[in-house]
Amino acid sequence: MSFILAGVGVLFIILVLIVSSYNGLIRKKNNVENAFGGMDAQLKKRYDLIPNIVAAVKQYVAHEKSLLENITALRSRALGGNLNSDEKVAIDNEISSSLRGIMVSVENYPDLKSSENFLNLQRTLNEIESQISAARRSFNAAVTVLNNAVESFPSNIFAGMMKLKRREIFVIPEAERQNVSVGKLFNG
Amino acid sequence: MASEILKVFQEQIEPALVGIEQERKKVARFFLITLLVYIGLFIGILTLPDLIANILNVEFENVLLVLVILFGALAVFMFIVSYIKRKKYIKEFKSKVVAKLVKATDPHWNYDAELGIDENVYSNSGIFTTPHNRYHSEDRVAGKVGVVNFQCAEIKTFYVYYTGFGKNRRRHKVKVFDGLFLHADFNKEFEGKVIVRPDTAEKFFGRLGEKFQKIGRGDTFVKMEDVDFEREFVVYASDQIEARYILTPAIMSAMLDIKQTFGSRVGFSFVDSQVNYAISIPGNLFEPRIFRSHNFDDAKRMCRFFYSIIQVINALDLNTRIWTKK
């Protein structure tokens, strides 16, 4: 009798472990999706700001059309839909680089730099960039937790059965870490 | 900084101290007299009742009762007078010396010895997990550092509770916080709450300690990327993204610097677009010595607390206003 009870106890413990591992992995996966959604929401705010920036800058820097057309095109692609996560991240990196370029070029136009409208836009952009950075860090934290669970024993067994794979953290590509060359931006 | 304080001390503080030195000596003298009187009363209570009862041929218990009442009244009277004198001297010291030290730090700052930080600000900060039911705050300094509005004051909080019943009822008083509390504008707008507390669990229990941190808290536990920061602090927030929006790598590094500079238990919180900073420093920070004159080292120690306000605000870079909050 005691042998049967012990057996039932062991089975119960195993069942609890299985359920908690499964639930834990699902929770971690959902946290990653949630974090990516958070990042997406911040990126959307930036996409919404771009037309305002282009309109403000256009009046003063009419002869640097290509820079503004580039960022407008990138925005359209980002909002176009049907992009997977990697494509979204790639476009986001290009937009970041393009916006940095515009802000650098604005340094050459004191009237624009001091205009109230542009200053407000710059503050809003700084705010959004800070929020995007925070969202990226949250995403990376959630992905790290998921990757640890997917690769550590014994949760990796359940991850394999659930076909859960490692996710890539958000990294800034090497090209983006270099200083922006305003000349290259203007020359296309 | 030391040379500036020395200059202020020599030009302004020393003359003020000379003016109240007589008062200090009176307070010290009266305290010593009170002590001697207490010793005298104690010896008197042990020896006089028997003597008087024999001389006057009255009951010992009656003589003892009368002497206890008389001596008790005298003891209470001496205590009250000593207390009043001491309070008067402290008030004069604060208005003539501490106020000058504050103005020497920044002439536009205001100092009020009687005012403190509002209890709601302390409670809403969320830094302290232990509840309190006794609150006292004083020595408030208010002003600006650059564009940053701030208030800073001494705060002491306790939790008083009772155990037992009837004759066995006992009163317990637990100190929750004793130190300086700074409340200032933060340079970003945000809606939620981020709390940064000293991390004792992880320090002692390592990874297991981290598990304890996640249990049983209202807000979400947030694990930050900075390993050094994680070792010293634990973060709770209403939102993971907002926590990282506020706690940038630069801010986390600044918090570590502040902790290392001041060497005490420090906590931070970010609530309603304001920042709160609490540092545990027991004792009365802005009160004078009674049995010796206030000297340059004492003045320097006090100024260090006032300069720490500027140091903390600059370390957190609160004057950088490049976001939507101006």
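Colleague: Where do I start with Ser125(B): is it buried or exposed?

Modeller: Buried means under 20% relative accessible area, exposed over 50% and partly exposed in between, using a 1.4 Å probe and protein chains only. Ser125(B) has a relative accessibility of 0%, so it counts as buried. Bear in mind that this is a predicted model: local features need pLDDT of at least 70 and side-chain atom pairs pLDDT 80 or more, while totals for chains, interfaces and linings use all residues. Residues are numbered from 1 along each chain as written, chains are lettered from A and ligands numbered from 1 in written order, and side-chain values use heavy atoms, without hydrogens or water.

Colleague: Which element does Ser125(B) lie in, and which residues is it in contact with?

Modeller: Helices are DSSP runs of H or I with at least four residues, strands are runs of E with at least two, and both are numbered from the N terminus. Ser125(B) belongs to helix H3 of chain B, residues 119–125. Contact means heavy atoms within 4.5 Å. Setting aside neighbours within four places in sequence, Ser125(B) touches Phe181(B), Ile195(B), Ser269(B), Val271(B) and Asn276(B).

Colleague: Over in chain A, how many helices and strands are there?

Modeller: Chain A has eight helices and zero strands, and from the N terminus the order reads α-α-α-α-α-α-α-α. Of its 188 residues, 38% are buried. If you take contacts in chain A between residues at least 6 apart in sequence, 78% of them join residues at least 24 apart.

Colleague: How do I read a helix pair, say H1(A) and H2(A): at what angle do they pack?

Modeller: Two packed helices are described by the angle between their axes and the distance between the axes. Axes are lines fitted to C-alpha atoms, for helices over the stretch in contact, with angles running from 0 to 180 degrees between N-to-C directions. Here H1 (residues 2–58) and H2 (residues 65–79) of chain A pack at about 155°, their axes 10 Å apart. That makes H1(A) roughly antiparallel to H2(A). Angles under 35 degrees count as roughly parallel, over 145 as roughly antiparallel, 65 to 115 as roughly perpendicular, and the rest as oblique.

Colleague: Which hand does the crossing of H1(A) and H2(A) have, left-handed or right-handed?

Modeller: You call a crossing left-handed if the near helix is turned anticlockwise from the far one by less than a right angle, and right-handed if clockwise. H1(A) and H2(A) cross left-handed. Among the residues making the contact are Tyr47(A), Ile50(A) and Val54(A) of H1(A), and Leu68(A), Ile71(A) and Arg75(A) of H2(A). By class, the contact of H1(A) with H2(A) has nine nonpolar, one polar and four charged residues. Ala, Val, Leu, Ile, Met, Phe, Trp, Tyr, Cys and Pro count as nonpolar, Asp, Glu, Lys and Arg as charged, and the others, Gly among them, as polar.

Colleague: And what angle do H2(A) and H3(A) pack at?

Modeller: H2(A) and H3 of chain A (residues 85–106) pack at about 155°, with axes 10 Å apart. That makes H2(A) roughly antiparallel to H3(A), and the crossing is left-handed. Leu67(A), Leu74(A) and Ala78(A) of H2(A) are among the residues that meet H3(A), whose side includes Ile91(A), Ile95(A) and Leu99(A). This contact of H2(A) with H3(A) splits into nine nonpolar, four polar and three charged residues.

Colleague: In chain B, at what angle do the axes of H2 and H8 cross?

Modeller: The axes of H2(B), residues 60–105, and H8(B), residues 296–315, come within 10 Å and cross at roughly 45°. H2(B) and H8(B) are therefore oblique to each other, and the crossing is right-handed. Phe93(B), Val98(B) and Leu101(B) of H2(B) are among the contact residues, as are Met302(B), Phe306(B) and Ile310(B) of H8(B). The class count for H2(B) with H8(B) is 11 nonpolar, one polar and no charged residues.
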